[in-house]
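Thanks for making time. Have a look at the model.

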Amino acid sequence: MKLNIQDTFNQELPADPIRENTRRQVEEACFSFVKPKSPSGPELIHVSEEMLEAIGLEVDAKDSKNFLDIFSGKKILENTTPFAMCYGGHQFGHWAGQLGDGRAINLAEVVHDDQRWMLQLKGAGETPYSRSADGLAVLRSSIREHLCSEAMFHLGVPTTRSLSLMLTGDEVWRDVMYDGNPAYEKGAVVCRVAPSFIRFGNFQIFASRNDAKNLKILTDYTIKHFFSNINELNVDGYIQFYQEVANRTLDMVIHWQRVGFVHGVMNTDNLSILGLTIDYGPYGWLEGYDHDWTPNTTDKSHRRYRFGNQPGIAFWNLAQLGNALFPMIKEAAPLKAILEKFKKDYQIQNLDMMRSKLGLELSKDGDQKLVEELEKTLMVTEADMTIFFRNLSNFAKDTEIDHNQTFLQPIKDAFYKPEELENEILKSWSSWFVRYKNRLSLEQLSDTERKLKMNKVNPKYVLRNYMAQLAIDKADQRDYSLIEELYQVLKKPYDEQPAFEKWFAKRPEWARHKVGCSMLSCSS
Ligand code: AMP
Ligand code: MG
């Protein structure tokens, strides 16, 4: 296979000297060499042709035996030395010590069109970091990761990508809902792709072990390869690095809020140092707009990672990263200043983002209030976030806000219980629309121009939880057609695509409480 391999991580950073694949604490090293597990019967299910091209392969490369072998873990690319990374992390707010790539194996780095890509198999067997688990992944979670990575990219959200989805031919023992009903499921491997998979936790693990030397080595490596605008590897450079990570993390989380994505497990080991959405586990998409919603059943009681808490958790995680970088900066003030700035920047950028969703170009004093009132009103009776914002662009600014409810017509489809639109609930909506209409009258854009702009930030198609589940159910029966269909529709989430109109619909009632649709565990 003609890949331009240019490894740096496993060339420039300290390796674990032990080559045996045994579970252990790995100190003074950024990674351990480890080989993927050979699958017994690999089968290609789906490929992202865009990612094939991105890494420099021809479209027909996917049909080769070599492709199947390499991206299922059966064969190792020539002149490469796969490895698993060592990192730690705070899980649900508590320091968990060493975690590491328990089921991710980095194959190699490829440079194509001046872009560096790390190729990483997820679910290719145990590593020194597998702790008590098996290093494997099941088909359902692999479909979810593959489809969502690509969908997020096309939504304009910073994310890791996915090249391929394979069955391994092996079975994996899982208790889906952690309720004492384990069963065998089909094993799968995804090849994830990103410039780098370094996480906040890679820095935290060295800081937690007072290993200042390796903390600096890793930071210098990260800056050199991925933050090329930072020229100095000294205190000033490290402060700038922290600021950059804060900026990128903020940008990512604002995009999540814009499209209604809930990550579900924002532990510090699941935050990319490059500000990419990483580790698609029990994530979900808002259907009814609800700040308190989380798809993750493991987090059901505390809802730490609920939709409305994501910006706050990004802040908390950045504070942990600040603690980890402190030994190199040795002063708290600049780190604190960056965190304070994050809070202010969030307020500004979040409001700008919401303005864009509402089709407002100017900034006016009452805008924050307009947004807050909308968020409250969206919760008085279940309103589908995606449909509401998409269809709001059909609201004409000269609409009368009157008793016969014509003003609600454009967005009526968003309501799960339209019969509730009366009395107080109707009043809330009409008063919000009065506000909105007044605010629109200050804008220059025509209705048509506003609609065009709004449709570029309010997607028509997102990977609703039940859509992924339908694709999973079919794939279980060896029918992969829905994976391809969803992959195609989600490539153009802002386009009308009338042929795919059926995916622009509220979640069906059967999916409201179905496992995999509204409830997901970390079991994957
Ligand atoms: P997560 O919360 O899914 O990001 O996982 C937390 C840690 O558990 C990471 O270090 C993962 O690599 C590890 N992990 C999760 N699932 C498995 C598995 N099936 N086998 C080995 N390690 C796992
Ligand atoms: Mg993880």
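**Cysteines, pockets and a strand**

Let's start with Cys517. Its relative accessibility is 3%, so Cys517 counts as buried. Keep in mind that this is a predicted model.

Cys522 takes part in no disulfide, and the nearest cysteine sulfur, in Cys148, sits 15 Å away. Buried or partly exposed? Cys522 counts as partly exposed, because its relative accessibility is 29%.

Back to Cys517 for a moment. Why is there no bond here? The closest cysteine sulfur to that of Cys517 belongs to Cys148, and at 14 Å it is too far for a bond. The cut-off for a disulfide is a pair of cysteine sulfurs within 2.5 Å. By that rule the disulfide count is zero.

Now the pockets. How much space lies in the largest pocket? About 920 Å³. Its lining has 34 residues. Cys522 comes back here: along with Gln91, Arg103, Arg131 and Ser524, it lies nearest the centre of the largest pocket. By class, the lining has 12 nonpolar, 11 polar and 11 charged residues. Which domains contribute to it? Domain 1 (9-196) and domain 2 (201-356) each supply at least three residues to the lining of the largest pocket.

On to the second largest pocket. Its volume is about 470 Å³. The lining is made of 24 residues. Those nearest the centre are Asp290, Trp293, Glu382, Arg507 and Ser518. The lining splits into nine nonpolar, eight polar and seven charged residues. Where does the second largest pocket lie? It lies between domain 2 (201-356) and domain 3 (364-444), because both give residues to its lining. So domain 2 (201-356) gives residues to this lining, and domain 2 (201-356) also gives residues to the lining of the largest pocket.

Last, a strand. Please find S9, residues 183-194. How many of its 12 residues are buried? Nine, which leaves S9 mostly covered.

S9 has two pairings to look at. One is with S7, residues 115-122: antiparallel, over five bridges. Within S9, Ala194 stands opposite Met118. The other is with S8, residues 161-174, again antiparallel, over 10 bridges. There, Ser164 has Cys191 of S9 as its bridge partner.

To recap. No disulfides by the distance rule. Questions, please.

Note on methods: Residues are numbered from 1 along each chain as its sequence is written. Chains are lettered from A and ligands numbered from 1 in the order in which they are written. This is a predicted model: local features need pLDDT of at least 70, side-chain atom pairs count only at pLDDT 80 or more; totals for chains, interfaces and linings use all residues. Side-chain values use heavy atoms; hydrogens and water are left out. Buried means under 20% relative accessible area, exposed over 50%, partly exposed in between (1.4 Å probe, protein chains only). On a 1 Å grid over the protein atoms alone, a cavity is a set of points where a 1.4 Å probe fits but cannot get out, and a pocket is an open set with protein on both sides within 12 Å along at least five of seven lines; lining residues have an atom within 4 Å of a point. Grid points are joined across faces, edges and corners, and a volume is the space filled by probe spheres set on the points. Ala, Val, Leu, Ile, Met, Phe, Trp, Tyr, Cys and Pro count as nonpolar, Asp, Glu, Lys and Arg as charged, and the others, Gly among them, as polar. Domain bounds come from an automatic or database domain assignment. Helices (H or I, at least four residues) and strands (E, at least two) are DSSP runs, numbered from the N terminus. Two strands pair if DSSP finds at least two bridges between them.
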